[in-house]
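Me: I have a structure to read and I am new to this. Can you take me through it step by step?
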Amino acid sequence: MSDRDRPLASAALFDTAIGTCAIAWSATGVLRFALPEPDPDATRSYILRRHRIADIREAAPTPEIATAIERIRAHLEGDLDDLHWIPLDTKAINDFDRAVYEVTRAIPPGHTLNYGTVANRIGAPGGAQAVGQSLGRNPIPLIVPCHRVLAADNALHGFSAPGGITTKQRLLEIERTPGFGEPTLF
């Protein structure tokens, strides 16, 4: 596909309880999501970065994307939503990653799986490391909730979104995930 044949996709920045996030979408669904970078300009730069299937330009959200933005804002304020209803455009994502993201999207807020369990569910026993690499490439964090996938010991090991493990822990706290943010008896 030549550059001039590349379809146009849209993006918008929006404020949330954790900072400025961004979302990019095509006619099919969400292509990319950005958790807050250190400043809004960095978030803008990330979301507008060239995409494999579309050039991305800032635009006003469609009604469907405006609804998604409002639910994402509410989610990040603690009014939890699994965000599973938000359509995605995954045509540029390979089959393995798409399978990992489908299993990950099914994890409800407040729950977690480990990398090995995700690997088993996609029919790749022993593929925990490959699952971790796939989630590290996740272009749609939060909507594809890679923060809900933990190491076998339930520890936080790496998170590719801005803020790293601190951001992952904060998202799990917002979702009231047991063991993250509230005192436990043991």
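Me: How many salt bridges does a search of the whole structure find?

Reply: The search finds 10 salt bridges. Here is the general idea: side chains of opposite charge can pair when their charged atoms come close. A salt bridge is counted when a side-chain nitrogen of Lys or Arg lies within 4 Å of a carboxyl oxygen of Asp or Glu. This is a predicted model, where local features need pLDDT of at least 70, side-chain atom pairs count only at pLDDT 80 or more, and totals for chains, interfaces and linings use all residues. Residues are numbered from 1 along each chain as its sequence is written, and side-chain values use heavy atoms, with hydrogens and water left out.

Me: Which residue forms a salt bridge with Arg71?

Reply: Asp81 does, and the closest N and O atoms are 2.9 Å apart. Arg71 lies in helix α2 and Asp81 in the loop between α2 and α3, so the pair ties together parts that are 10 residues apart in sequence. Helices (H or I, at least four residues) and strands (E, at least two) are DSSP runs, numbered from the N terminus.

Me: Is Asp81 buried or exposed?

Reply: Buried means under 20% relative accessible area, exposed means over 50%, and partly exposed is in between (1.4 Å probe, protein chains only). Asp81 has 12%, so it is buried. Arg71 has 23%, so it counts as partly exposed.

Me: Where do Arg98 and Asp95 lie?

Reply: Both lie in helix α3, three residues apart, about one turn of the helix. The general idea: an α-helix has 3.6 residues a turn, so residues three or four places apart point the same way. Arg98 and Asp95 form a salt bridge, with the closest N and O atoms 2.8 Å apart. Asp95 is exposed at 60%, and Arg98 is partly exposed at 23%.

Me: Which residue meets Asp89 in a salt bridge?

Reply: Lys91, at 3.2 Å from N to O. Asp89 is buried at 4%, whereas Lys91 is exposed at 55%. There is also a network of salt bridges, which links Asp41, Arg44 and Glu58.

Me: Now the strands. What is the order of the strands in the open sheet?

Reply: Start with pairing: two strands pair if DSSP finds at least two bridges between them. The open sheet has four strands in the order β3-β2-β1-β4, with mixed pairing. β3 (30–34) and β4 (55–58) stand at the edges with a single partner strand each, so one side of each has no neighbour in the sheet. On average, neighbouring strands are turned by 25° against each other, direction ignored. Axes are lines fitted to C-alpha atoms, for helices over the stretch in contact, and angles run from 0 to 180 degrees between N-to-C directions.

Me: How many bridges join β1 to β2?

Reply: Seven, and the two strands run antiparallel. A hairpin joins β1 to β2 through two residues. Phe14 stands opposite Cys21 in β2. Strand β2 (residues 19–25) also pairs with β3, in the antiparallel sense, over four bridges. There, Ala24 has Arg32 as its bridge partner in β3. The hairpin from β2 to β3 runs through four residues. Of the seven residues of β2, six are buried.

Me: Which strands does helix α2 touch?

Reply: Contact means heavy atoms within 4.5 Å. Helix α2 (residues 63–76) packs on the sheet and touches β1, β2 and β3, with its direction at about 30° to that of β1.

Me: Which residues of helix α6 are buried?

Reply: In helix α6 (residues 164–174), they are Gly164, Thr167, Lys168, Leu171, Leu172 and Ile174. They cover an arc of only 160° around the axis, which puts them on the same side of α6. The arc is that of the directions from the helix axis to the C-beta atoms. What covers these buried residues includes α2, α4 (115–121) and β6 (149–150). Just after α6, Arg176 takes a positive phi of about 55°.

Me: How many helices and strands does the chain have?

Reply: Six helices and six strands. Along the sequence the pattern is β-β-β-α-β-α-α-β-α-α-β-α. Of the 186 residues, 48% count as buried.
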